[in-house]
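The following note sets out comments on the structure shown below, point by point. Please read each point alongside the coordinates.

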Amino acid sequence: MDLTMIYSAPENEKPLDRLVTDGGFCGIFRTIACIGDSLSSGEFESLNSEGKVGWHDYFDYSWGQYLARMSGLTVYNFSRGGLAAPDYFAFAEQKGYFDADKAAQGYIIALGVNDLSRVGKGELEFGDISDIDLNDYKNNKKTFVGCYAAIIQKYKEIQPKAKFFLMTIPNNGTENPNAEKHRDILYKLAEMFENTYILDFRKYAPVYDEEFRNLFFLAGHMNAAGYLVTAQMVASYIDYIIRHNMDDFRQIGFVGTDFHNVNYKW
């Protein structure tokens, strides 16, 4: 048997060149937590006969739960429609998302859309890397960058060897300097924190243009098919990262335990 059929990682392969529909190597995780806003919550938009719009978080339709079903793992939805990084700590503490029994082996963070909206309105400062206190996240400045980094730092405190995947904002076909700034800062955070990787949907996912939206959106949010294809892209991207960094994930089975193997890297 040719082992490259299993883990093949061609040098020039791009993250979404190979679409997996069974979770691929995401299956090596037993628990993943998804931290995000409405698009991480399976939110649908309704419209009644009187023109009233409704927004509904249907977590069972979220890309996180599609990922759970296709990969055979447990996914926690640490998300809510309208959520932004500065809101996260109060929200998570209220919901018990920092409880030890909800510690995960992996964390996918998909925050930024609502933050950038606040930045654009002058309600929130974007910030930069200097806003982060690596010794104590409680001292981080209350900027987007400071609050986002604090989420990573808090979960690293809870689960030190967990893997983190930071998702960029997809490209909708229009120029968005703040979305590019968001992407750039996520790459800097990945350099700053160990075991942290980028899911660069802005660069590698399909453009969310009119054709894409006609297929996969329901007004301003995705439809069921959109959340499913997002799950497939998330799974494929993480599968790609694992196949290209096999040593990094060799000990994933020990994350959350007191054990490790000193002969191998984390």
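1. Tyrosine 148 belongs to helix α5, and the model in which it is placed is a predicted one. With a relative accessible area of 1%, tyrosine 148 is buried. Leaving aside residues up to four places away in sequence, tyrosine 148 touches Ala85, Ile109, Leu111, Leu166, Met167, Leu186 and Leu189. As for leucine 189, its C-alpha atom is separated from that of tyrosine 148 by 9.4 Å, and the two residues are 41 residues apart along the chain.

2. Helix α5 (residues 144–158) also packs with helix α3 (residues 88–95). The angle is about 35° and the axes are 10 Å apart. From α3, the residues that meet α5 are Tyr88, Phe89 and Ala92; their counterparts in α5 are Ala150, Ile151, Lys154 and Tyr155. By class, the residues of this contact comprise six nonpolar, no polar and one charged.

3. The sheet deserves a separate comment. Five strands make up an open sheet with parallel pairing, in the order β4-β1-β5-β6-β7. The edges are taken by β4 (74–79) and β7 (196–199); each has a single partner strand, so one side of each has no neighbour in the sheet. From one strand to the next, the twist averages 20°.

4. Within this sheet, strand β1 (residues 31–36) and β4 run parallel and are joined by six bridges. In this pairing, threonine 31 stands opposite threonine 74 of β4. Helix α5 lies across β1, β4, β5 (106–110), β6 (163–167) and β7, and its direction is at about 160° to β6.

5. Strands β2 (residues 43–47) and β3 (residues 53–57) run antiparallel, with five bridges joining them. Glutamate 43 has aspartate 57 of β3 opposite. The two strands β2 and β3 form a hairpin, and five residues lie between them. In the turn, glycine 51 has a positive phi of about 85°.

6. Which backbone positions other than glycine have a positive phi? One of them is asparagine 195, at about 60°. Asparagine 195 is located in the loop between α6 (177–192) and β7, and counts as buried because its relative accessibility is 13%, under the 20% limit. Another is alanine 219, whose phi is near 65°. Alanine 219 is found in the loop between β8 (217–218) and β9 (221–222). With a relative accessible area of 51%, alanine 219 is exposed.

7. How many disulfides does the structure hold? The number is zero. For cysteine 26, the nearest cysteine sulfur is that of cysteine 34, 10 Å away, and cysteine 26 is in no disulfide. A disulfide is a covalent bond between the sulfur atoms of two cysteines. The sulfur of cysteine 34 is too far for a bond, because the closest cysteine sulfur, in cysteine 26, is 10 Å from it, whereas a disulfide requires the sulfur atoms to be within 2.5 Å. Both cysteines lie in the buried class: cysteine 26 has a relative accessible area of 0%, and cysteine 34 has a relative accessibility of 0%.

Conventions. Residues are numbered from 1 along each chain as its sequence is written. This is a predicted model: local features need pLDDT of at least 70, side-chain atom pairs count only at pLDDT 80 or more; totals for chains, interfaces and linings use all residues. Side-chain values use heavy atoms; hydrogens and water are left out. Axes are lines fitted to C-alpha atoms, for helices over the stretch in contact, and angles run from 0 to 180 degrees between N-to-C directions. Helices (H or I, at least four residues) and strands (E, at least two) are DSSP runs, numbered from the N terminus. Contact means heavy atoms within 4.5 Å. Ala, Val, Leu, Ile, Met, Phe, Trp, Tyr, Cys and Pro count as nonpolar, Asp, Glu, Lys and Arg as charged, and the others, Gly among them, as polar. Two strands pair if DSSP finds at least two bridges between them. Buried means under 20% relative accessible area, exposed over 50%, partly exposed in between (1.4 Å probe, protein chains only).
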